[in-house]
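I set out to record what can be read from the atoms of this entry. The notes begin with one residue and its surroundings, then widen to the chain.

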Amino acid sequence: MIDTVFEGVFDLVLGFVPNVVWGFLLMLGGVATTAVGVGIFSKSAWSGGILVTVGVLVMVSVLVVWYR
């Protein structure tokens, strides 16, 4: 029962927001994650490196989807 309600709300939200907006939000998230990772890199190479990697992968994946 609750899963059908969540599915309906989720479909409704996805229907109103265009894909370009989701891509832009993910691109901003990737930039922010990369910036935080660069800031943390001097203190902790593991954490900073992981954040930089995740941020770059998010940005590249959005660009690949936009290119297609």
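I looked up T34 first: leaving aside neighbours within four places in sequence, T34 is in contact with L51, V52, G55, V56 and M59, contact being taken as heavy atoms within 4.5 Å. I note that the model is predicted, that local features need pLDDT of at least 70, that side-chain atom pairs count only at pLDDT 80 or more, and that totals for chains, interfaces and linings use all residues. Residues are numbered from 1 along each chain as its sequence is written, and side-chain values use heavy atoms, with hydrogens and water left out.

**Entry: T34 and its helix.** I placed T34 in helix α2, where helices are DSSP runs of H or I with at least four residues, strands are runs of E with at least two, and both are numbered from the N terminus. Is T34 buried or exposed? I found a relative accessible area of 15%, so T34 is buried; the cut-offs are under 20% for buried, over 50% for exposed and partly exposed in between, with a 1.4 Å probe and protein chains only. I listed the buried residues of α2 as G23, M27, G30, T34 and G37. Their cover includes α3 (45-67).

I then checked the span of α2, residues 19-41. From first C-alpha to last, its 23 residues reach 32 Å, close to the 33 Å expected at 1.5 Å a residue; the expected span is 1.5 Å times one less than the number of residues.

**Entry: V52.** I turned to one of the contacts of T34, namely V52, which is found in helix α3. V52 has a relative accessible area of 24% and is therefore partly exposed. Beyond its neighbours within four places in sequence, V52 is in contact with T34, G37 and V38. I also looked up F41: F41 and V52 are eleven residues apart in sequence, and their C-alpha atoms are 8.7 Å apart in space.

**Entry: the chain.** I counted three helices and zero strands, in the order α-α-α from the N terminus. The radius of gyration is 16 Å, well over the 11 Å that the globule rule gives for 68 residues, so the chain is more spread out than a compact globule; the radius is taken over C-alpha atoms, and the rule is 2.2 Å times the number of residues to the power 0.38. Along its principal axes, the C-alpha trace spans about 50 × 30 × 15 Å. I recorded that buried residues make up 13% of the 68 residues.
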